[in-house]
Amino acid sequence: MLKIGLGSPQYGSFTDPGTISGFASAVEEIGFDSLWVGDRALVPTEPRAQYPGGGPVPEEYRNFLDPIVTLSFLAHATRRLRLGTSTLNAPFYSPLLLARSLTSVDVLSEGRLDIGFGLGWSSDEYEAIGVPWRGRGARMEILDVLDHVWSGSSDEYKGALWTIPSAHIETLPVQRPRPPVLLGGFTPATLERIGRRADGWAGVGLPVPQLAYVISEIRQIAEANGRDPDALRTVVRVNPVVTAEAAPSEAVPHRGTVQQVSDYLLAAHAAGADEVLIDLQQTAHSAEELTDLAHRFHEQLSKG
């Protein structure tokens with residue numbers, strides 16, 4: 001059965017606490033399965049890297065709440081919804097402190113955390129944060145550190161980039177052995193990492209044949225590593241501009257009517273996506289419109 005998620009109010013004009021808590025309560029009542037937050041530190045005035053998909057960085061990203069803090073707020077505002085990151089730029093963070101923050105969200109939400117990690121696309125953000133852009137893939141050693149911390153072991157951890165002395169770290173996630181970890185990206189190294197050790201893929205709105213190909217590749221890699229491919233999840237994210245009139249087919253799912261975008265998401269589900277994630281903050285102009293669009297999408301996707 002298709003699970004349906006939404007981008008939580010977090011950026012642009014949707015950063016006040018009343019909007020966030022009110023939206024969370026409303027979509028939980030509607031019947032959505034999950035809420036997700038993103039990760040943006042700044043919007044450079046003269047970006048050195050192209051925004052994924054082309055075009056300028058959305059102006060809404062200039063006002064962006066912290067993802068972990070927002071998840072903690074959502075943990076208090078909701079009772080049932082899964083809470084996820086789509087995606088957290090893992091190399092930005094100290095892995096030991098990241099483990100503590102994510103564990104805290106899982107504890108405060110009583111085991112409702114899903115973790116999506118990516119590498120990010122902005123070299124400007126890396127420079128401002130003080131993390132080297134070159135070699136960022138190697139910093140996914142963070143996954144090893146998280147697994148070590150979440151194991152509850154007091155042994156020393158010694159890796160290529162980080163060392164943790166023998167220590168007692170007894171603040172552990174509710175979900176064992178860890179909250180689900182999804183990884184974003186399309187490179188061969190990323191797909192190999194997902195199939196070998198992650199819990200699924202944090203996908204985006206690719207053409208359906210490409211989606212099916214990536215999902216198939218991940219499943220084959222998982223099987224080759226002795227893992228059950230059916231145990232891996234795929235969550236497909238779209239950030240549509242919703243239009244009143246039908247958009248050209250080649251513009252969907254980035255632009256189109258509720259029906260067009262919903263049809264795409266149902267096709268993605270048929271191609272292997274377990275869950276879809278719709279971020280409406282770049283098309284809605286008010287909290288009321290945000291909730292109304294959410295309701296319309298849920299109605300269409302539930303029919304399918």
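Biologist: What makes S9 and strand S10 (residues 233-238) a pair?
Modeller: Two strands pair if DSSP finds at least two bridges between them. S9 and S10 have 5 bridges, in the parallel sense, so they pass that test. One of the bridges joins Gly200 to Arg233 in S10. From S9 the chain crosses through helix H7 (residues 208-224) to S10, and this β-α-β crossover is right-handed. Keep in mind that this is a predicted model, where local features need pLDDT of at least 70 and side-chain atom pairs count only at pLDDT 80 or more, while totals for chains, interfaces and linings use all residues. Residues are numbered from 1 along each chain as its sequence is written, and side-chain values use heavy atoms, with hydrogens and water left out.

Biologist: How do you know where a strand or a helix begins and ends?
Modeller: Both are DSSP runs, numbered from the N terminus: helices (H or I) have at least four residues and strands (E) at least two.

Biologist: Which strand pairs with S9 over 3 bridges?
Modeller: That is S8, again in the parallel sense. In this case Gly184 stands opposite Ala202 in S9.

Biologist: What makes the unit of S8, helix H6 (residues 188-197) and S9 right-handed?
Modeller: The word is used if, with the strands pointing away from the viewer, the path from the first strand over the helix to the second runs clockwise. S8, H6 and S9 make a β-α-β unit of this right-handed kind.

Biologist: How many residues of S9 (residues 200-204) are buried?
Modeller: The strand is mostly covered, with 4 of its 5 residues buried. Buried means under 20% relative accessible area, exposed means over 50%, and partly exposed is in between (1.4 Å probe, protein chains only).

Biologist: What puts Pro67 in the buried class?
Modeller: Its relative accessible area is 3%, so Pro67 is buried. Its place is in helix H2 (residues 67-77). Away from its sequence neighbours within four places, Pro67 is in contact with Gln10, Val37, Gly38, Asp39, Leu88 and Tyr93.

Biologist: What makes Asp114 and Arg82 a salt bridge?
Modeller: The term asks for a side-chain nitrogen of Lys or Arg within 4 Å of a carboxyl oxygen of Asp or Glu. Here the closest N and O atoms are 2.7 Å apart, so the pair meets that limit. Asp114, with a relative accessible area of 2%, is buried, whereas Arg82, with 23%, is partly exposed. Side chains of opposite charge can pair when their charged atoms come close.

Biologist: How many salt bridges does a search of the whole structure find?
Modeller: It finds 14. Another one is between Arg48 and Glu127, with the closest N and O atoms 3.1 Å apart. Arg48 lies in the loop between strand S2 (34-37) and H2, and Glu127 in helix H4 (residues 123-129), so the pair ties together parts 79 residues apart in sequence. Both residues are exposed.

Biologist: Why is Val174 called partly exposed?
Modeller: Val174 has 45% relative accessibility, which is between the 20% and 50% limits, so the middle class applies. Val174 is found in the loop between strand S7 (163-164) and strand S8 (181-184).

Conventions:
Contact = heavy atoms within 4.5 Å.
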